[in-house]
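Have the viewer open and follow along.

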Amino acid sequence: MSAPAIEETDAEPIATTLRARRLGLTAAGNDPIAVMRHDCPVCRSEGLASRAQIRLRAGGHEVVVSLLHSSADIPAPGEIGLSEAAWHRLGVSDGDLVEIAHSQPLASLSDVRRRIYGNRLGQAAFSAIITDIAERRYSDVHLSAFVTACSAVPLDQDETVGLTRAMVDVGERLSWAGAVIVDKHSVGGLPGNRTTPIIVSIMAAEGLIMPKTSSRAITSPAGTADTMEVLAPVDLDVPAIRRVVEREGGCIAWGGAVKLSPADDVIIGVERVLDIDAVGQMVASVLSKKIAAGATHLVIDIPVGPTAKVRSAEAAETLSTALTSVAEAFGLRTRVMCGPGVEPIGRGIGPALEAQEILAVLQGEPGAEDLAHRACELAGGLLELAGATPTGGGFARALESLESGRAWAKFRRICEAQGGMREPPVAKFQQDMIAPYSGRIVSIDNRKLAIVAKLAGAPTAKAAGVALHSRLHQTVEAGAPLCTIHAESPGELDYAAAFAVSDGAIFGITAE
């Protein structure tokens with residue numbers, strides 16, 4: 001006799017309830033976490049193992065969380081402990097009832113598994129994956145698998161276009177009255193290369209529209225949002241961005257505060273932990289936010305050097321081709337401008353130190369000529385791309401905007417419109433890194449400088465970082481300070497200084 005057929009059903013899983021308890025826990029990547037006692041009757045009756053994905057509901061809100069078991073007194077019997085992310089997404093108070101149910105299997109994970117084995121994905125697959133990521137249905141394990149799968153076997157152009165479109169589609173999109181909306185992006189990897197606030201000030205001062213949304217640091221000591229936050233608020237929502245741009249012509253806001261390509265910030269959180277920044281994902285990350293922000297004309301800065309993120313002309317050409325070809329698929333006009341990446345641009349590395357140098361450039365103070373020059377090169381290229389000045393005339397116009405004070409006046413007004421200008425903090429603890437002997441500096445390791453700045457506490461500690469005193473090809477005397485490490489705690493200062501001394505030469509010096 002044959003076994004009876006099992007009828008498939010879409011019925012909701014049976015839910016049970018526990019009372020919410022706030023744990024004050026923040027997980028890596030801000031993942032939503034729930035904690036239940038290992039002897040909890042709900043765990044036992046529902047077979048909820050540690051690291052299982054479960055669905056929580058309360059007050060009309062829903063979140064999928066990773067479950068952890070606890071043998072401690074917290075949470076108490078009848079309670080479910082919630083991380084900060086889970087707490088805020090559910091909008092509960094202590095003691096509120098929370099429904100617990102098994103999470104429905106995610107169909108999009110089958111596409112992730114296919115990609116792990118080297119199969120190419122189409123638009124529908126990327127749309128399903130990115131929708132689930134944006135809705136926070138993926139655990140950190142799932143996200144890591146997706147990021148790794150798209151890195152080990154690089155995305156081709158069709159996949160990159162598909163991923164970019166999916167990332168744009170799950171978020172909001174800004175639209176502007178002007179026919180020309182300009183934007184700029186730096187690929188990164190070069191410490192201190194903080195040109196964006198200068199460029200936004202120049203473009204807005206010259207009458208162009210530049211609603212700039214920027215990221216926080218991924219693998220660097222500071223992102224543009226981290227640095228700008230030292231000088232003015234950057235957590236602007238869409239109405240605030242629109243208000244500032246309509247008033248001043250430009251803004252510098254944190255992209256994570258708005259829902260422009262919201263899946264990107266979730267993915268970036270995992271990339272930061274894994275220290276992965278693959279070409280396809282980088283292209284999708286950059287362009288999805290530019291497209292969502294309403295940009296029509298985009299200049300891309302690619303520093304090239306042996307210790308920069310892009311280390312050769314060939315790699316720069318590969319990335320440039322990928323960026324321009326994918327941008328073209330969306331009607332976004334781009335100009336890639338490769339520049340030197342053999343040493344930091346500017347002398348400050350870390351949010352406050354970079355902010356101080358931005359102010360020096362805008363105010364025309366000496367000592368920041370290389371940062372001012374690169375900012376004018378990129379601003380000039382953007383002015384030319386947008387048709388605001390003839391080809392070849394962009395640099396001179398950008399420089400004149402700086403030297404006349406128009407850009408500085410515009411920057412102050414943008415800061416005030418974003419909530420008020422601030423004074424950069426100064427680190428309490430500082431230590432010089434000394435030249436061991438006299439000679440000429442023939443190399444600077446950008447990656448190791450960035451590591452030192454991060455060990456000192458950047459970007460979380462805003463005043464932390466590294467201030468350079470010596471440049472490439474400069475002659476130094478034995479005992480002269482090559483750089484100064486800044487930290488907000490003595491432990492971080494000692495840790496950064498120990499690395500700077502023990503991990504090989506950051507500054508290559510040839511004795512003369």
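## Before you start

This is a predicted model, where local features need pLDDT of at least 70, side-chain atom pairs count only at pLDDT 80 or more, and totals for chains, interfaces and linings use all residues. Residues are numbered from 1 along each chain as its sequence is written, and side-chain values use heavy atoms, with hydrogens and water left out.

Helices (H or I, at least four residues) and strands (E, at least two) are DSSP runs, numbered from the N terminus.

## Helices α14 and α15

Two packed helices are described by the angle between their axes and the distance between the axes. Axes here are lines fitted to C-alpha atoms, for helices over the stretch in contact, and angles run from 0 to 180 degrees between N-to-C directions. Take α14 (residues 369–385) and α15 (residues 394–403): their axes sit 7 Å apart, at an angle of about 120°. The two are therefore oblique to each other; angles under 35 degrees count as roughly parallel, over 145 as roughly antiparallel, 65 to 115 as roughly perpendicular and the rest as oblique.

On the α14 side, the contact (heavy atoms within 4.5 Å) is made by Ala372, His373, Cys376, Glu377, Ala379, Gly380, Leu383 and Glu384. From α15 come Gly394, Phe395, Arg397, Ala398, Leu399 and Leu402. Sorted by type, the residues of this contact are eight nonpolar, three polar and three charged. For that sorting, Ala, Val, Leu, Ile, Met, Phe, Trp, Tyr, Cys and Pro count as nonpolar, Asp, Glu, Lys and Arg as charged, and the others, Gly among them, as polar.

## Helices α6 and α12

Helix α6 (residues 157–169) packs against α12 (residues 313–329) at an angle of about 55°, with the axes 10 Å apart. That makes α6 oblique to α12. Gln157, Thr160, Val161, Thr164 and Arg165 in α6 meet Ser325, Val326 and Ala329 in α12. The residues of this contact divide into three nonpolar, four polar and one charged.

## A three-stranded sheet

Now look for the open sheet with the order β16-β14-β18 and antiparallel pairing; two strands pair if DSSP finds at least two bridges between them. β16 (475–476) and β18 (507–510) are the edge strands, each pairing on one side only. Strand β14 (residues 439–444) is joined to β18 by four bridges. Ser443 stands opposite Gly508 in β18.

Which residues are joined by cis peptide bonds? Another links Ala458 and Pro459, with omega about 5°; Pro459 lies in the loop between α17 (446–455) and β15 (465–468).

Arg136 lies in the loop between α4 (123–134) and α5 (140–152), and is partly exposed at 22% relative accessible area. Ser261, in the loop between β9 (250–254) and α10 (262–274), counts as buried at 0%. Buried means under 20% relative accessible area, exposed over 50%, partly exposed in between (1.4 Å probe, protein chains only).

Ala450 is in helix α17 and counts as buried, at 12% relative accessibility. Which residues does Ala450 contact, leaving aside its neighbours within four places in sequence? Pro191 and Pro221. Pro221 is 229 residues from Ala450 along the chain, yet their C-alpha atoms are separated by 5.9 Å.
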